[in-house]
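Reader: Please walk me through this model. Keep the answers brisk.

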Amino acid sequence: MGDVSHARDAVRRARNAVAAVFAVHGAVTGSFATRVPWVQEHASLSTGQLGFALAFTAFGASCAMPLAGRISHSFGSRTALRGLLALWTLSLVLPSLAPNMYTLCLAMFAYGASAGMADVAMNALGVEVERLLGKSIMSGLHGMWSAGALIGSAAGTLAAHLGADARLHFALASAVLTVLGLVACSGVLDVQPAEDEEPPPRFALPPRSALLIGAVGFCAVFAEGASLDWSAVFLRDRLDSSAGVAAASTTGFMLTMAVARIAGDAVVNRFGAVRTVRAGGVLAGLGGLLIVLAGHPALAMAGFAMMGLGIAVVVPLCFAAAGHAGPNPSQAIAGVATITYTSGLIAPSLIGGVAQATSLMVSFCVVTLLACGLAVFAGVLRTAERGGRGQVSPPVTEVPGPRP
């Protein structure tokens, strides 16, 4: 009994450690997002040039994410995550050093590549901890990412308000987050491959299961990206809201997402992944309908809040389902992550293109239809419910070493 209790305590400590890793990863994103105007001014870019350079973030992530599984296999999960997370936190400095569009494109490619590899590695470890605990934890882990992003954003907002040079801000933030990340990584699981285990390919197309799961994640991330980037514009242009009210809509959407993710595991463990996503799709669809029909800012803000609640847990559950769908969790997670990153990349520009050709109301009709798709296609996440009532598998009573 003592050995079992010790093993469970070790897994719980590993859960706390990987949660801290998620928070550090999110804090880098939040720190950068607040200083994009400084980066644009420093590199003397137009809006179009800035958008082109920022697209290299997703391009770098998509190219590098398939490498994460190979790195974890070669060095073990803990060492791999330690190195990849450090690359991500240190890469925060790069965009502030770029003097023009060409160097910013290179910086954003490296920034995105390190982000994507660390993302895959930490999600794979999160899935492993979830398997050992025998209950859903991925929503809470992604909630920690959102909390970290909010903290990084708050610190960046303060730095911008004080007029701090982003090179100094990013250098200090990078140093602090690198130390915090190294400390957090010391407590994560150290999963080593078996001696006879074949290493995953350096590059491989996502398995079919990842494509289906990724399609669900695509719908959720599309709605998330559209809401984050266009909610304020929608309230300002369509409902004549003030700048403060419009900005509050975006902030409220982010807070709703964070709270729903942190609380989402309890719902998933009670009702299961499929029913949770189906209900979320219905809620997000109703929120989209309210946005489209809103004649007052308060109604639109309520619609965006419903949208955030409905889609909040979908991406974490997609990663969990991918991790349990086949023999190579990192490869499947990388496939799902690539699809969701692509969705996040094209959503803002597609919404803008549809709005230019028609109107923002038509754009959010598209978002609403995709949100409803979550309810229709939620069944592909059934692989995450093998233990019943949302549990991913029966709890394991020992901390893993080499995989059998």
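Author: Helices (H or I, at least four residues) and strands (E, at least two) are DSSP runs, numbered from the N terminus. This is a predicted model: local features need pLDDT of at least 70, side-chain atom pairs count only at pLDDT 80 or more, and totals for chains, interfaces and linings use all residues. Residues are numbered from 1 along each chain as its sequence is written, and side-chain values use heavy atoms, with hydrogens and water left out.

Reader: How many helices and strands are there in the protein?

Author: The runs are counted by the DSSP rule above. The protein has 16 helices and zero strands.

Reader: Is glutamate 128 buried or exposed?

Author: A salt bridge puts a side-chain nitrogen of Lys or Arg within 4 Å of a carboxyl oxygen of Asp or Glu. Glutamate 128 forms one with arginine 131, with the closest N and O atoms 2.7 Å apart. Buried means under 20% relative accessible area, exposed over 50%, partly exposed in between (1.4 Å probe, protein chains only). At a relative accessible area of 10%, glutamate 128 is buried.

Reader: How many residues apart in sequence are the parts that glutamate 224 and arginine 261 tie together?

Author: Glutamate 224 forms a salt bridge with arginine 261, the closest N and O atoms being 3.8 Å apart. Glutamate 224 lies in helix H10 (residues 208-239) and arginine 261 in helix H11 (residues 243-271), so the pair ties together parts separated in sequence by 37 residues.
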